[in-house]
Amino acid sequence: MTLSLGLLRSGLLNRRINQPANQVLRLHLAFSSASPSPSDPSAAAAGPQTTIREGKVEIFLDESNSVFYNKTQVNNRDISIAVLRSFILKRHEEYAARSRKAGPGDTTLSAQAKYKEPKVLEALAASGLRAIRYAVEVDGIGEVTAVDNNEAAVEACKKNIQHNGSLASSKVVPHHADARVYMLTHPKEFDVVDLDPYGSPAAFLDSAVQCVADGGILMCSATDMAVLAGGNAEVCFSKYGSYPLRGKHCHEMALRILLACIESHAIRHKRYIVPIISVHMDFYIRVFVRIFTSASTVKSSPLKLAHVYQCTGCNSFYLQNIGRIHSKDKENIAVPNFRLTLPEVCSECGHQFVMGGPLWSYPIHDKELLEAPLFVSLHNLCAILKCTTPTMVMLQCAIRNAGYQVSGSHVDPLALKTDAPMSVIWDIMRCWVKLHPVKHRPGNHPGNVILSQEPKFQAKFSRVLGASVTRKRARFMPNPEKYWGPGTKAGRNPRTFQMDNRN
């Protein structure tokens, strides 16, 4: 399932607070440009309470912060709506394909097997904004259950549902319960489960993978980026079962650690995941995965997980899968992999390796093209060698001319995702330094050791088709407002800071 580019170009999100908004840059991903007023006439008589409008929905702002709301998550909600729309179309296509395969006289498609509108569970609903937007803005959606363990949040959700008219009232059902218990007591009941906790989703994953119907979709966010990106490795291991590594690729590694964690919970119940979209934005990551049931497919899970070995000197990294394919009795089965074939020290600079993972090594998006795990940074390569920086186009051309694939990444404008091994990357950089010499530096610096070796081939920096990264608009947008980041946790009083104007 792939998102249509038309969804990404459909318009800017129309959001406002009823007080005048600051006239600053507001560039958000958006999937519905219309924002009509709610149809409930009783809302007009509710008094002067502050309201917030997002998409086609309007909710009441809880200024006491007893109910959590974070406006910076608007992109999160917008992308989720786009994925939901695409998922519903995909479900229609899958049902049509099964119907054609069954034939007109086949009775295998019973009344229970007929197409039903997908049921959605928002496990941590808070104000209910996300659940109401799903109900109002996504055509073809079924019942949306909004669960929260905070009584104040459930009451606020009920009030917001009523405020948004008959459509929201007919589809959104608020429920006061612990999300983990609710999901465990409703196995395989919901086609879509949305997890967007304050912090780590680790405590909810085991119950969430059991709650999703076969072929359904799990949407999961994590905002504890300091943990996932390597700031606290032991905490990351205790929550997600993986060690993170610091580096330019730390945000993609965070995505792959989260995917590996979800997979580890799913396989305990004879289920497995298929990632659709995985993104890093602002201060959080979010993944969208479909969940299927198959005891035989689960056995190949070790082939999708890998440890990563990263050099402490030049940051070169190498992956080794946990499992390997073994042919037995004309069947391919997954067995434990052999020992690591890397040398004790890095062959490029002579430094030690540090191990991270396990992480998800399969594609993190639904695409047919090869997708390499993690990436190298152009600036990092040049910083190690202390050389002038080639353009992204030149380096992409050199990689393509060497017979490998290369692309960018949404998390870093200078990222190079490629299937070329690190030895080829460093040989290309050695050829670049020969064309643009650097001053010799004394000592056993990693850059000196790398440049002391001759390249094994002559890199060609001539332009090839598909290597240009020139864009007419900014690719990485600035924050639309000041203090754009995580909101204050519900129940805590927002702090106010006074600026000191003294020189």
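A disulfide here is a pair of cysteine sulfur atoms within 2.5 Å. Keep that cut-off in mind for the first part. The model I am showing is a predicted one.

Cysteines, then. Searching the whole structure by that criterion turns up zero disulfides. Let me take two residues in turn. For Cys236, the nearest cysteine sulfur belongs to Cys261 and lies 8.8 Å away, and Cys236 is in no disulfide. Is Cys236 buried or exposed? Cys236 is buried, and its relative accessible area is 0%.

Next, Cys382. The nearest cysteine sulfur is that of Cys387, 4.0 Å away. Because the cut-off is 2.5 Å, Cys382 is in no disulfide either. Cys382 has a relative accessibility of 4%, so Cys382 counts as buried.

Now to the helices. The pair I want to show is α2, residues 74-102, and α3, residues 129-137. How do α2 and α3 pack? Their axes are 10 Å apart, at an angle of about 40°. The two helices, α2 and α3, are therefore oblique to each other. As for handedness, α2 and α3 make a right-handed crossing.

Which residues meet there? On the α2 side they are Asn76, Arg77, Asp78, Ser80, Ile81, Leu84 and Arg85. On the α3 side they are Leu129, Arg130, Arg133, Tyr134 and Glu137. Sorted by class, the contact between α2 and α3 comes to six charged residues, four nonpolar and two polar.

To recap: zero disulfides in the whole structure, Cys236 buried, Cys382 buried, and a right-handed crossing of α2 and α3. That is what I have for today.

Notes. Residues numbered from 1 in each chain as written. Predicted model: local features only at pLDDT ≥ 70, side-chain atom pairs only at ≥ 80, totals over all residues. Heavy atoms only, no water. Axes fitted to C-alpha atoms, helices over the stretch in contact; angles between N-to-C directions. Helix = DSSP H or I, 4+ residues; strand = E, 2+ residues; numbered from the N terminus. Parallel < 35°, antiparallel > 145°, perpendicular 65-115°, else oblique. Left-handed = near helix turned anticlockwise from the far one by under 90°. Contact = heavy atoms within 4.5 Å. Nonpolar A, V, L, I, M, F, W, Y, C, P; charged D, E, K, R; others polar. Buried < 20%, exposed > 50% of the residue type's maximum accessible area, 1.4 Å probe, protein only.
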